[in-house]
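Take a look inside this protein.

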Amino acid sequence: MGLSQNVAKTDAVKRPGLKVQKKQNGPAYVFMSPWLFGMLFLTAGSMLFTFYLAFTNYNLLSSPKFAGAANFHRLLTDSDFWIAIRVTFIYVIASVPVRLVAALLVAQLVSKPIRGMGIYRALIYLPSMIAGSVGASIGWRKLFGQNGPINSFLHLFGIHGPIWLGNPATAIIVLVLLNVWQFGSEMVIFLAGIKQIPGYLYEAATIDGANTIQRFFRVTLPMLSPITFFNLLMGTISSFMVFTQVFVITDGGPLNSTLFYVLYLYQQGFQFFHMGYAATLSIVLLLIIALCAGVLFWTSKLWVNYDV
């Protein structure tokens, strides 16, 4: 029997198998179709249309007009754009590390086998579910109002509290605290990681004479490094895209001290009807986030250990 005959025989054997396989995969494609439709038309399609709008002048009331790279050139001379960049980076750098540290320390505390711990964990996680809502943002604004509960509490100790939301130096602090307050999601992920650390590692460290702090830094932190990296990456991305809290609490004020990037993008697109310029801002934001994520992935080689 020649080689061609063997190939033909092999193909003849495979063809029915492929048909059966395609028939078996049919229901899977049907169930995947809503996701595929959303991915192609709502996500990929929107991204391509945004990329197109970035090179046009479009005010939502007339057809887009091709403008070349004018929107990108405008960025370089737009002082509010650079203010938004500066404010957003300050917010990310100030809030993300503090939020991670708070989540890790609280996860370490709630990992102890104490009666009723499930209730404590649920109460700690609760802010992360509601803090991004409009209602929680309004409550936060009331909390830090000039005559709000925070200043009333400080007054009990003879401290005259600042005008938190009316002072450019303190307004962003309020928003950073609100972001840190939402550490529940990271806490749950850290808690799951702590529960997966083998107990014999702590026993070996104890036998070697390590105290509680040494066990935390020599065992817990290295074992949690992949989880820490994940939380750091997700926290950084979400902090770059914060909008609701800023829009409700300060709306960019006072004196543009809380003019966050996404808020500025929203103002250009839906308040000033510069939709083409807003599309350009969104592309630049995508590039900034991608660059930061790339830097985090690069630095992860230095401190994340997937082998432990």
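Helix H7 gives the largest share of the lining of the largest cavity, three residues. This is a predicted model, in which local features need pLDDT of at least 70 and side-chain atom pairs count only at pLDDT 80 or more, while totals for chains, interfaces and linings use all residues. Residues are numbered from 1 along each chain as its sequence is written, and side-chain values use heavy atoms, without hydrogens and water.

Rolling a probe the size of a water molecule over the atoms shows where empty space is left. Here a cavity is a set of points, on a 1 Å grid over the protein atoms alone, where a 1.4 Å probe fits but cannot get out; lining residues have an atom within 4 Å of a point. A volume is the space filled by probe spheres set on the points, which are joined across faces, edges and corners.

The count comes to one cavity of 30 Å³ or more. The volume of the largest cavity is about 30 Å³. Its lining is made of Tyr-91, Leu-175, Leu-178, Asn-179, Gln-182, Val-242, Gln-245, Val-246 and Phe-260. Two elements give two or more residues to this lining: helix H7 (168–181) and helix H12 (244–249). Helices are DSSP runs (H or I, at least four residues) and strands are E runs of at least two, numbered from the N terminus.

Now the packing. In soluble globular proteins, nonpolar side chains tend to be buried together. A nonpolar core is a set of buried Ala, Val, Leu, Ile, Met, Phe, Trp, Tyr and Cys residues joined through side-chain atoms within 4.5 Å. Buried means under 20% relative accessible area, exposed over 50%, and partly exposed in between (1.4 Å probe, protein chains only). The largest such core has 69 residues, and Phe-260 and Tyr-91 are among those with the most contacts inside it.

What does Phe-260 touch, leaving aside its neighbours within four places in sequence? Phe-260 is in contact (heavy atoms within 4.5 Å) with residues including Ala-84, Tyr-91, Leu-175 and Val-246.

Next, the backbone. Most residues other than glycine have a negative phi, and most peptide bonds are trans. The bond from Gly-253 to Pro-254 is cis, with omega near -10°. Pro-254 lies in the loop between H12 and H13.

| Residue | Phi | Relative accessible area |
|---|---|---|
| Leu-60 | about 75° | 36%, partly exposed |
| Asn-256 | near 60° | 30%, partly exposed |

Leu-60 is in the loop between strand S1 (56–57) and strand S2 (65–66). Asn-256 sits in the loop between H12 and H13.

Methods: On a 1 Å grid over the protein atoms alone, a cavity is a set of points where a 1.4 Å probe fits but cannot get out, and a pocket is an open set with protein on both sides within 12 Å along at least five of seven lines; lining residues have an atom within 4 Å of a point.
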